[in-house]
Every structure is written in C-alpha cells, then in structure tokens.
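This report describes selected local features of one protein model. Please keep the sequence and the coordinates open while reading.

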Amino acid sequence: MKTLNILRGGENSVTTDNMGMKEWTNSEVVQPEALSENFRDIDKEFTQRGFNIQWKGADPTGVRSSSEALVAALAEDTDTILIPQGVYLLRTSVTIPANKELIFGHHARLKPALNRTIEINGSITASPDDWLFDTTAGGTVSGNMKCAMLYPRWFGEDDTAAMQKALGSASSTKIPLQLNENVTITKTLTLGSGVKVLAFGNRKITNTNASISGEVRINDSDIDIDQVELDGGSVQCVFFTGNPKRVRLARIKIQTAGHGVQLNTANAENIVLIDSDIAANQYGVLINSGAKTGKNMKILFNNIYSRTADAIELNTPTANAGLQYDNFKQVFIIGNRLCADEQGSSSSSGFAIGIANTHDVIMTGNISEKSRLEAVHIEGNQENIIITGNVFNDCIGDGARIQNSSWARPPLVTNNIFIQQNMSQNGNGIHRLYDPKGHLECNFANNYIRGFNKGYWIDGSSSCNVQGSFVEDCKVGVYAGVSGKVHGSLFVKNCPTLASAQSGALIERIVSLSVPTNVLTYSGTSGYLGATLQSLTAFTAPISTSINSFKQIDLFPMPSLLSVKLTCRVRSGGSKLMLTADVSWDGSQLNVANLLVRQAGSILIGYAGEPPFVHNNGQLALNIYTVRSLSQVMTNYDFTGTYYVD
C-alpha cells in the first residue's frame, strides 16, 4: 500500500501507518467526511490493483449480459480488469484493448453469445487448468492476446473442441500452446500457420475414433511440435496437407495402428523429425507419391519401428526424370535406430529403409535392429543415393537390394555392415538385380557382410565396385550374373565357395582369409561363354612333413582354362621356399614357364626332374621336398591372369 501524506481530522489526528487514513479513539466523534475519504482511498487502492467487473454490475450467473459491465470496467483508469469466479454472458461483442490485462479468478469465464465475439488484444493471467472462454452458445474468441503460453483447457471442457480452438488461437497469436494434461480426441486436430505445441513431460493426445483420417494434420508452415505423445488408432498419426514449410517435430512419441508420419502433399519443404520415438503398425515414416516438387526432409536421431511395413519408406514415383524430375528430393536420414519387424507378410514392404525413385538421399550413422525383407531396398528412377556408415543387424532377407529402372543413376552403398539374422546363410548381403530396363554401375566398396547365402550378388551386365569389402560366413562370397563385372579387391573368410558366376561374368580380385573349398564355380548355361576370375590371394591348410619326404600341396581346383602368373610362399620356422612362374592349363595340358625359385633351409622344390606344379585329381598342386621333419608348413599363394570356368 502507498503512504498518504495528508492527515485528516486535524493537526493531531491519529492515522494508519501506510495509507494515512483517519483513526478515531473511543472518546472521539466520528467525522463522516473523513470516514468517506477513507472509503474513497480504499476504493482507489483496489481499483489500482485491478478493476473488478462486478463493481460495474457484471452477472456471475450468466443469466444477464455482462457486456456493458465489462465495457465500463475497460473505460476505467486502470490497466487491470479482474474477472472473478462465475460465468459472464456477453450479448454484444467486446474488444479488450492492447493496454489492458484480464486477470481471471478460479472458475471464471467469459461466454460470448451466438454470433458475438470477444476480441482480446491485451494480456491474460489465469490458471492453466481453468476454462476461460465459453463458446458453447455459438460465440467466438479472437484477437492478438498476449501471454507466455496458451492452454487447451482455457477453451473448453471437451478435449477435441478445446484443443482445436486452442490451436486456432495459437496460429493467430503465434503464442505457444502448452499441453499441460492428457487429452482424448475424436476428430483430427488441424495445425495452422505458426503453431507451436509444447508438452513438457510428454503429455499424451489419445484418439478413440479409428475412422478419422489421422490424429494431427499439419496444414501450413512454421509449425513446431515438441515433446507431445500421440496415441493413434487411425490410418495415420501425423500427416501433412496444404503446402507445409519449415515444420519441426521434436522429441515426440507416437504409438499408432497406422502410419507414424506421412508426407503426401505437394510443395512441402524443410520438414524436420528429430529425437522422436515412433512405433507404428504400418510405415514408421512415409514420404508418399503425392509429395510432388517437395524437398528437404531431415530424419535425425529417432527410434522408428514398423510392425508390418517399413521403418522408413520414400515412395515418390514420377513420369519425369533427370532435370525434369518433379517429386520429392533432398532427404537426410542420420543417426536413427530402425526396425522393420517380422509381423507383416507383404512382399513389397518389410524394409528398414525403402527408396523408390527419390532423388538426393543421404543415409548415414543409422542402426537397423531388424528387417523382415531387405534392410535397404532401392528401386525405380532414383538418383544421387548415398548410403554409408550404417549398421544393419538381424537381416531376415537380403541386406540390400537394388533394382534398376530406365532413368536411375548409380547409388553409392559403402562402408556399411550387414548381418544376417542368426547367421542362417539365407538371402544375400547386397543384391544388385538384373532388370530388362537397364543395369546400374554401383559403388559397393568397403562393406562388411556376414552370414548370408551370397555375400554379393551382382546381376546384369554392368560393373560394380566392391573394393575393400569383407564377406564372412556366407556360402558364396560373390555371385556374378550374366556378363556381370565385379571390380576391386574383395576379402572373403569362411565362405566355402569364394565366387560363383554365370556366362560372361568377370571378377577382378579375391583375397581369401580362410582355406576355400571352391575358388570359382560356373552356374551358367552349358555351351555359353564361361566366367573369369583375374586374381586370387589365398593359403592352404598347414601340413607336417617327415625327414627326406615328398609332399604335394593342393593349391586350388583346376578351372577349365588357366593362364596366370603364380607365386607361392612356403615356410616353416626358418625354412622357406618362394617361387613364381607362368602357369597355363588348356583342359588337358599343364605348362609351367619362367620359373624363378628362392630357397632357404629344409624346404626344396620337388624331386629332381619333377615339375614344380602338377595336376592332382582336379587340383593344381605344388611339389615340395623336405630334408627334415617340419610341422606347420604354411603355403600362401596368389595369381594374376585368367582363371576361367565354363
């Protein structure tokens, strides 16, 4: 309270400490004018704190109109209007100026009548849990109100209607809407321009009507949803209409019977999904065919689970290609944990990531926990696809499958890890399919592939680079289809067959890190052009020898034709033998030329007069002679040239 300096009742009057109002003792006569002045001061003091609309005759029962009382209160010389407990019917429209503040008491609300509006341009102070604006009579609330946060309960007791009205106000005022309690909806919530929804503590929006088109519809730009939990029973949980731009979905949690997030509208730009958890029965994230001419979606650091379909699906078909491409492009998929569970049965879904036709996609730093079909599926007229630095665990089908279309461009699938579920040796690590529309020259360098039937399956006549890749525990290290060309050095371990190929296939180089059973087998049509391996580095199982004994060391199965520069390195302790020669085989005659030998210790090259290499029951064997007993005699060999089978 303020202190008044004017003393009432005379020079020697006793006054109150703070407001300076006259006090009387029992022996004094009360002065009516001084008493009135006291009341006027009290009235003025309370008015300065805030003007109560009931002082102007506002009816808290909601029977009579309180419009005149509210207007009269606004005309007072005070910045603050108090709305005490009660329902105040407004039969005429009222505007709250920008310089006024409405302070709502507990259970106080304004109720505009049918076709009447309360326009609030001033400030609001109220409890987040109170119903402030009652529009059940058909009135509306508008204006550019001022407050730190909006709350759904301010706009009604029915969750669906209150949420939608609150979202409308958030769009017009650009004030964030805070979801401070769980709500249940029966209709789709539509978010307009500039809406920001916050829910500290992950408050939940639950939909109980499975027939609606979706739980949350993003219908405009500059929208931000943060920490909201959505429990959906419709076909899609969050979906887009209009031409949305600059939309951010952060730290949200979605549990839905349909799709988690679907973008299926044209001209969308700058969409961000970050730090969120999505558990969907259908697609986790789906960019669908309607997303024409859109660009720039970032899917960052999320947990995305699909029970029956794909964790992420980019399905953007178009009749145009190259510079005329008119569907969605620029997708960044970074740092996510993905799962495409095995509950579905469709042959066209079940991928950790499916890419059909989309342009300009970067996928890196992701971990897939499971995929029912292939972990990575690429098809259609895609361009500029980079998939690098990811881990794909528990692949039930293929690790990656790439199918070409007429206008597709070579994808880059490098530096990834593909692991077959339970090491069951089913499916293929990376399968580049044959397609009558054409063949892709793909870069598949530096991948680690384990536990599949075939590590690489390169079908079709184009070239693929597998330089530096490592294939382990597969039945076949690499399989090349008709006229397929596999370039680069491929490291293979614990694969009984290093390579298998069809007619006209060419495989550049294999480094075997275990003893192979088969080097290259032919699986093409008899009588057609065979398959060729150009270079191999491998070793044999260690052997033991006796004193002054002769040994034949089987190196590799003899092909149909052989013409190579062959180098062998044999060692045991301090004994060693190194030799190199030009070796050829035409199917009946083995020839050895340009032999160079360097020997030290107890290992010699064959008997006198015996050739160093012989055909031994279908194997090319190396003849050695040891002058003393040796254990763990190791033989490493490599060749460069032509190893041809048909």
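## Basis of the values

The model is predicted, so local features need pLDDT of at least 70 and side-chain atom pairs count only at pLDDT 80 or more, while totals for chains, interfaces and linings use all residues. Residues are numbered from 1 along each chain as its sequence is written, and side-chain values use heavy atoms, with hydrogens and water left out.

## Helix α3

Helix α3 spans residues 159-173, 15 residues in total. Helices are DSSP runs of H or I with at least four residues, strands are runs of E with at least two, and both are numbered from the N terminus. From first to last C-alpha, α3 reaches 21 Å, close to the 21 Å expected at 1.5 Å a residue; the expected span is 1.5 Å times one less than the number of residues.

Buried residues of α3 include Asp159, Ala162, Met163, Ala166, Leu167 and Ala170. Buried means under 20% relative accessible area, exposed over 50%, and partly exposed in between, with a 1.4 Å probe and protein chains only. The cover over these buried residues includes the strands β12 (177-178), β13 (183-185), β14 (189-191), β15 (196-198) and β16 (204-207).

## The end of α3

Threonine 173 belongs to α3 and counts as buried because its relative accessibility is 9%. A polar atom of its side chain lies 2.7 Å from the backbone oxygen of serine 169. The backbone nitrogen of isoleucine 175 lies 3.2 Å from a polar atom of the threonine 173 side chain.

Leaving aside residues up to four places away in sequence, threonine 173 touches Gly143, Asn144, Met145 and Leu150; contact means heavy atoms within 4.5 Å. Lysine 174 follows α3 and has a positive phi, near 65°.

## Cysteine 339

Cysteine 339 sits in strand β31 (residues 337-340).

With residues up to four places away in sequence not counted, cysteine 339 touches Ile304, Tyr305, Ser306, Ala311 and Lys370. Asparagine 393 is 54 residues from cysteine 339 in sequence, and their C-alpha atoms are 9.5 Å apart.

## Surface patch

Val592, Leu595 and Val597 form a nonpolar patch on the surface, with about 200 Å² of accessible area together. Valine 597 is in strand β57 (residues 590-600) and is partly exposed, because its relative accessible area is 40%.

Technical notes
Patches are made of residues with over 30% relative accessible area and no salt bridge: like charges are joined within 9 Å, nonpolar side chains (Val, Leu, Ile, Met, Phe, Trp, Tyr) within 5 Å. Accessible areas come from the Shrake-Rupley method with a 1.4 Å probe; for residues, only the protein chains shown count as cover. A salt bridge is a side-chain nitrogen of Lys or Arg within 4 Å of a carboxyl oxygen of Asp or Glu. A polar contact is a pair of N or O atoms within 3.5 Å; within protein, one must be able to donate a hydrogen and the other to accept it, and residues adjacent in sequence count only if both atoms are side-chain atoms.
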